[in-house]
Amino acid sequence: MAKITLDQLAHSYVPEPKDDADWALKTMSVDWSDGGAYALLGPSGCGKSTLLNIISGLLTPSQGKVLFDDRDVTTAPPEERNIAQVFQFPVVYDTMTVYDNLAFPLRNRGMPAGEVDSRVREIAGMIQLEDMLDRRAAGLTADGKQKISLGRGLVRPDVNVIMFDEPLTVIDPHLKWQLRSQLKALHQQIGATMIYVTHDQTEALTFADQVVVMHDGQMVQVGTPVELFERPQHTFVGHFIGSPGMNVLPCKVESGTALFEGHPVPTIHSLHAHPGGERLELGVRPEFVRFAEDGIPVRVTKVADAGRYRIVETSAGGGDESAARHTIRLLVPEDDTVPSGGAHLRFDPAHTQIYADGWMIE
Amino acid sequence: MARKTTDQKGWLFVAPVVALVMFNAAIPLMTVVNYSVQETFGDNVFFWHGIGWFQDVLQSERFQAALGRQLLFTGIILAIEVPLGVAIALAMPRKGIWVSVCLVLMALPLLIPWNVVGAIWNIYALPDIGLFGRVINELGFDYNFTQSPFAAWFTLIVMDVWHWTSLVVLLAYAGLSSIPDAYYQAARIDGAKRWAVFRYIQLPKMRRVLTIAILLRFMDSFMIYTEPFVLTGGGPGNSTTFLSIDLVKIALGQFDLGPAAAMSLIYFLIILAFSWVFYTVMTRHEGN
Amino acid sequence: MKAIRILAPTLYIIFLLLPIYWLLNMSFKTTNEILGGFSLWPREFTLANYAVIFTDATWYTGYLNSITYVALNTVISVAVALPAAYAFSRFRFLGDKHLFFWLLTNRMAPAAVFALPFFQLYSAVGLFDTHIAVALAHCLFNIPLAVWILEGFMSGIPRELDETAYVDGYSFPRFFTRIFMPTIASGIGVAAFFCFMFSWVELLLAKTLTSVEAKPIAATMTRTASTSGYELGLLAAAGALTIIPGAVVIWFVRNYIAKGFALGRV
């Protein structure tokens, strides 16, 4: 177990980084408590794998510190950090049996044979490989091999942190959820800190207690799945999480009221001070938009059936011909009628936020 | 992998290949088989000789000596070139501009006509005007490959290593390059030492390329003709007369059709047998 | 450890380049200078040897002949290997596995075995001393190699590509030339490279099947060595020039060397 602290961490793959774009990871500081299940969620290229490799020691950061239980491990190699990592595709030692695969990390550390045996059998039981111990590792299916990778991580008694780098990528879809729930159960059983990197929000939101959303090398928001859904701190979080994502519309703030296309929109904020920033937007999830008698005038453009509800696309704005039209999506339960042609929308004030340059204002 | 459908029109597609290869293989082979079981006293008159030539060849000291030399040569070659090639491939950089440069420079000896290879080493190893020969003699060794069988063998082996090791390097390097980084990372995390990484990750993953490399080097060194011919002509004496050189002497030099043909067939069968054994042994674990 | 990783390839490359350097060294010396003394570089630098080769027809035709039959062979081998490899990779037909194996065994045949039979065969069909004779003879071992390499590449291309093309209305020839071949372009490059390589370097068959008209440079060189005494400078220059086509070819396929080995059968 370990508490992980990242102190002013940043990383660039370029030797002389000049501007923002050269930094794969922009300066961040965060504390992760012992035994938690975390997810690093973000699209390809957002820096999550870089961050993972820095924590595991496969990469040394350009600046900043990594601390395990307040011990500086920034430059320590992986073997000294007591971490385990499961990779995107199964990494097994083909020429060895399953047993030898699991025993490998222990034997390398000089553990006596008796202890190795009991530990290997214990872990094999946990990941349901006890019947396959004598089989050659090369003969297992992809999910079996991933379990071996996982097992090699669990088998060391001193493992602080287990990291998963998109581990379900090569697994058959119908086995994915099975493995996912096994991972979740394992976490509750062992209590080690687990960090799970993925670009799949379902995986992240179902596995983790706390999700770290990353975008462009920055940690954009850290929170529980519920928090991320209900109170996205950044427009990116709003976009990325939820399907369909949050509606982001340009707005103005005048005399303490937010205005969209000239219509006042109540929000969660009390706008005493005028928010700074160049670009003001308001965000509201389709789940919190409703048709109403009055409100923002829109034209219904598309209705898609998603089973228990329908995703309705509407188009707003365009007072004069040259102004752009904005798309606003909302979810309508399957039994409700959807008006055609012109309609009005209301946003739930408790779930409407204002963003300045992408970040939610105070 | 592509799925296959049963379709006899496949024969249409392979017809040109079959025609060309059969022209080159079947007809000469028939000729060889023909000569191997017949005897002639000239004037195109042939008599049935049965397996007589085969017996003569197999029992002849000359053949056995040539075979022995060939086996020794091939054995030494494999024992040097394969480990050396793998070692160089392991030491080479994985990425960067030096990779291309290294590969191109290393491939150069492979593309030199074989007689030029022999000629280069012929001059290079001369004790008075060749760099190699001169240096060795300066170091105190009495080195002259035209006179001493040991020196001749030594020169031939160094020449072949110079000529062909790069093939092993290229193949081994290709095999190594296909190993994803994650394996090395996992090994670091597992605390594996350098030797364990080689034994459990690199060597198994290179199994296929190594099989091909060993097979190719075995076959080509067993069939070697031009380079030793140009360098030593089979001498001094016949200390470096390997199977091909001996065969050509008998066939084109003495025009002893019968023995030459019988020897050809025996030669070919030896290679086939060895190759088959090699191949089976090395791929027995493949399974799929 | 890092030091060995730099030292080993460096030493190896130096080992490889030294004899070539020596060859170049001698090509720029006169034969007298070579025989007269030992020097690491030419005391009297001369281009006379190269001049002879470029002006004397007996020499430069040697190169032209070699390049001709090598090019012929590469084109023929790859051209017939393409449909055959396609058949092996896409179809199952009677005897296909045996045929494939038989093809590979031809690679195991020593050239020495074929020297005399080829001499008789090609003389019998009146092709003795022609470029096409050597080109065809080299097909014996180049075609199996080309088929083997191409089949490996083709098997990596999913059948769906073919099927989509047919659905889109492509006839087979159009599909093959417009879609399939570009997809396996690197495979064709690797196969062509190997065909070139084995044909360019082979001497025994090339010498046996030619005498004057299609005499390869290799034969010209060996003649020089034996008849007119050792004209070492000339020999060295001739040898140095034979390295150039090979170097050029490697340079062009340098990106494919490692990739091509890996993508194909290996």
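Start by selecting strand β1 (residues 5-6) of chain B and strand β1 (residues 91-92) of chain C: the two run parallel and are joined by two bridges. Strands here are DSSP runs of E with at least two residues, helices are runs of H or I with at least four, and both are numbered from the N terminus. Two strands count as paired if DSSP finds at least two bridges between them. Now pick B:T6; its bridge partner in β1(C) is C:R92.

Before going on, note that this is a predicted model, in which local features need pLDDT of at least 70 and side-chain atom pairs count only at pLDDT 80 or more, while totals for chains, interfaces and linings use all residues. Residues are numbered from 1 along each chain as its sequence is written, chains are lettered from A and ligands numbered from 1 in the order in which they are written, and side-chain values use heavy atoms, with hydrogens and water left out.

**Chain B by confidence**

The mean for chain B is 85, and 96% of its residues reach 70 or more. Within chain B, helix α3 (residues 61-91) has the highest confidence, at 92, and strand β3 (residues 46-48) has the lowest, at a mean of 76.

**Chains B and C**

Show chains B and C together. Of the two pairs of chains that touch, this one has the most contacts, a contact being heavy atoms within 4.5 Å. Chain B brings 91 residues to it and chain C brings 94 residues. The size of an interface is often given as the accessible area lost when the parts come together. For chains B and C the buried area is about 8,500 Å², with 77% of it on carbon and sulfur atoms; buried area is the accessible area (1.4 Å probe) that two parts lose on being put together, summed over both.

How many salt bridges cross the interface of chain B and chain C? There is one, where a salt bridge is a side-chain nitrogen of Lys or Arg within 4 Å of a carboxyl oxygen of Asp or Glu. Select C:R107 and B:D220 to see this salt bridge, with the closest N and O atoms 3.2 Å apart. Next, select helix α1 (residues 10-36) of chain B, which gives 18 residues, the largest share of the side of chain B that touches chain C. That side of chain B divides into 66 nonpolar, 15 polar and ten charged residues. In this count Ala, Val, Leu, Ile, Met, Phe, Trp, Tyr, Cys and Pro are nonpolar, Asp, Glu, Lys and Arg are charged, and the others, Gly among them, are polar.

**Chains A and B**

Switch to chains A and B, where 23 residues of chain A meet 17 residues of chain B. Together they bury about 1,700 Å², 60% of it on carbon and sulfur atoms. Highlight A:L58, A:F87 and A:Y93, which supply 26% of the area that chain A buries against chain B, more than any other three residues. Two salt bridges link chain A and chain B. In one salt bridge, A:D94 meets B:K205 at 3.0 Å, N to O.

**Last stops**

Show chains A and C: they do not touch, and their nearest C-alpha atoms are 17 Å apart. Finish inside chain A with A:K184 and A:D209, whose side chains form a salt bridge (3.7 Å, N to O). A:K184 is in helix α5 (residues 173-190) and A:D209 is in the loop between α6 (201-207) and β9 (210-215), so the pair, 25 residues apart, links distant parts of the chain.

Terms used:
pLDDT = per-residue confidence, 0-100.
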